Amino acid sequence: MAPMPMSKDDFRFWWTAVPFITPPNLANVDWQNIPVALEDIARIEISRGPNAAAYGANSFLAIVNIITRHPYDTHGTTASYWDGSNGYNRYYGAYGNGTETFNYRLSVNGKKDDGYDRRSEGSPFIDSHDLDGFNFYGNLVLSSADHINFQFGLLNGSHQYHPDEGDGQTTAPTSDQRDRYASVKWQHEINPDHFFHVQGYIQRRIRKQDWINCNSPILFSDNLTQLASQNQRYNSALIGALISGNTNFFNTVFDAIGSGKSTELGSLEDDMLAAAAIQEAISYGSDAEVCGRINLDIEETRTDLEFQDTYRFNNQLRLVSGLSLRKDQYTSQTYFGGGDGNYLKRLFFNLEYQLEATWGFNIGAMAEDDNANGSYVSPRAAVYYHVNEHQTIRAIISHAIRTPDTYEQSVNWSFTATELNPTLNGETEATTFKTMSPGGLDNEKIVSREIGYYLNYPMLGWEADIKLFDDSLWDLISAPLQYFSFEPENNLHIEQRGIELETSITPIPSDTFRLTYAYMDQDAEYTGTADFLSEYTSFTVSRLYDIESRLSAQNSGSLSWTHRFNRNLRSSLVYYVADQLAEYDYQRYDVVLSYERLYHGVEMDLTVKLEHYPNTDPFMYSNNRLDDRNHLYVGVGMKF
């Protein structure tokens with residue numbers, strides 16, 4: 001076949017890519033949608049480094065442990081409401097009661113926020129959320145040796161996403177969101193030195209997100225479908241050329257066919273399919289467009305059953321051990337072409353030994369068997385030395401893995417468009433080509449080493465913790481994960497080392513000062529084999545480094561001063577800073593004034609908070625912009 005005469009104008013039709021909006025895949029934590037209300041939380045424990053032996057699978061870079069308040073401690077009625085800048089408001093109401101054998105708490109909560117104001121080019125940024133939740137927590141005392149805790153809750157609402165006109169969206173892809181959870185835990189004490197618990201939970205997450213999208217009908221081409229099935233990279237390169245109108249690429253395809261020599265991207269059969277798709281695109285013309293409804297719907301369910309046993313041999317030696325079985329299920333016609341599931345079996349132990357009051361050590365491990373990703377062991381060892389009653393030195397080494405999530409390992413991604421207008425070949429429904437993960441990804445791995453020093457002098461009101469760390473991470477999965485370019489690979493090795501400091505001092509009872517600081521130095525090495533083709537992706541090796549380090553500021557910290565004027569009135573001043581958090585520096589000042597009073601048996605409080613951002617930089621990314629650098633919030637509450 002002879003090369004076809006063509007000009008770039010032949011390909012100046014309105015080609016638009018299907019948008020990529022981060023899906024709620026199985027390994028993500030949607031912090032905004034955690035069903036538990038903020039007011040129901042007793043404390044949040046955050047510890048850096050992996051600890052799968054104590055916290056379970058994928059405890060990789062750090063652990064965030066959220067501990068809710070026991071219903072025994074929350075008797076009475078509580079109500080609060082917050083209102084403020086950027087459409088922010090939040091409400092909370094709770095009622096708790098009980099007896100010696102049964103205690104419970106019911107709570108409702110809601111939160112709204114308009115999100116950011118503007119994108120980099122000045123258009124409005126639509127990213128608001130509106131969520132409402134309900135929670136119940138009960139504790140039943142069956143006997144002096146048996147307790148049962150049970151919790152359940154839900155969260156309903158929506159998230160708005162900015163319609164990207166460059167991706168053909170004609171309606172905003174708002175996500176309807178439903179979260180459900182339930183758990184029950186039976187604790188039994190055999191004797192004062194031996195007890196165990198059995199716990200089961202289930203959580204379900206539903207995301208419904210659809211919109212009307214308009215694109216060139218070539219998107220539904222059988223030629224692209226066949227090319228993608230036998231040579232996905234060639235298909236991606238072809239789409240990149242169609243988007244950019246790259247006539248050199250097209251001429252290369254036709255030259256290869258004419259000479260009987262295939263292009264470097266594929267075989268002659270692949271070239272024939274690419275040429276047919278190019279001709280098909282020309283036949284549609286530059287103004288051809290078909291509109292239809294597409295979605296990014298997904299439903300996920302996780303069910304877990306765990307047995308944990310705690311046995312104290314003597315005052316120096318204690319063992320915690322157990323096993324668990326977890327089942328993950330998911331359904332998404334768009335991302336996975338249907339539904340599937342995965343089983344994870346785990347055995348774990350932690351052994352703690354304390355030599356008198358000076359030395360102690362802890363060793364633990366978790367063995368996992370994952371149907372989708374194989375078997376592996378994550379060990380951890382720690383030793384500590386009490387210099388005296390006020391000072392302790394510790395050393396920790398731990399290893400863990402992060403399994404590839406289903407999205408990375410098994411994606412089978414296509415869009416089925418319904419309500420087509422105009423119809424295609426007389427049909428009102430059509431499906432695009434499939435993008436599939438190559439699979440075979442290995443687990444990401446980390447070895448973390450830490451030396452820490454802790455001191456506490458209550459008589460001085462001084463507490464401090466400082467740690468030095470050195471982490472090695474390898475087989476990190478980093479590559480394009482987009483519909484038109486999906487090539488995950490274990491291709492990065494990162495070394496990160498640094499120091500963290502936390503300290504607080506209360507020189508007089510009315511004043512507390514707190515300082516936190518972290519420094520991290522990071523080196524990255526590319527260990528993959530992929531060559532990122534400029535014809536269809538903007539990814540480079542340096543960009544992979546940027547993506548992996550985007551949330552790792554080299555210097556970050558905070559400084560705060562809390563002053564209590566009297567038993568009713570107190571104030572706080574706080575300064576936060578992080579350099580090069582993603583693309584920009586981050587700074588913020590907070591001024592908080594709180595007033596509390598007991599009136600006729602009712603505890604009332606009023607809080608006013610002012611946030612000030614001293615620079616005009618966007619937040620992390622160029623599209624995250626706020627018009628006002630001062631944000632005011634007011635909260636009122638009562639308890640009786």
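With which side chain does the side chain of Y181 make a polar contact, and at what distance?

Reply: The model is a predicted one, in which local features need pLDDT of at least 70 and side-chain atom pairs count only at pLDDT 80 or more, while totals for chains, interfaces and linings use all residues. Residues are numbered from 1 along each chain as its sequence is written, and side-chain values use heavy atoms, with hydrogens and water left out.

The side chain of Y181 makes a polar contact with the side chain of N135, at 2.5 Å. A polar contact is a pair of N or O atoms within 3.5 Å; within protein, one must be able to donate a hydrogen and the other to accept it, and residues adjacent in sequence count only if both atoms are side-chain atoms. Y181 belongs to strand β8, residues 175-191. Helices (H or I, at least four residues) and strands (E, at least two) are DSSP runs, numbered from the N terminus. With a relative accessibility of 18%, Y181 counts as buried, a word that stands for under 20% relative accessible area, with exposed over 50% and partly exposed in between (1.4 Å probe, protein chains only). Leaving aside residues up to four places away in sequence, Y181 touches P35, V36, N135, Q151, F152, G153, L154, I202 and Q203, where contact means heavy atoms within 4.5 Å.

From Y181 one may turn to E408, which is 227 residues apart from Y181 along the chain, with 25 Å between their C-alpha atoms. The side chain of E408 makes a polar contact of 3.2 Å with that of R402. R402 also joins its side chain to that of D405 by a polar contact of 3.1 Å. R402 is part of strand β16, residues 391-402, and is buried, its relative accessible area being 18%.

On the α3 side, Y234, A237, L238, A241 and L242 meet F249, F250 and V253 of α4.

Both helices are among the elements that cover the buried residues of α5, as is α2 (222-230). Those buried residues are D270, D271, L273, A274, A275, A277, I278, E280 and A281. Just after α5, G285 has a positive phi of about 90 degrees.

Some backbone details remain. Most residues other than glycine have a negative phi, and most peptide bonds are trans. N86, in the loop between β3 (76-84) and β4 (89-98), has a positive phi near 55 degrees and is buried, at 18% relative accessible area. Q580, in strand β28 (residues 569-581), has a positive phi near 50 degrees and is partly exposed, at 46%. The peptide bond from N421 to P422 is cis, with omega near 0 degrees, and P422 lies in the loop between β18 (416-421) and β19 (430-431).
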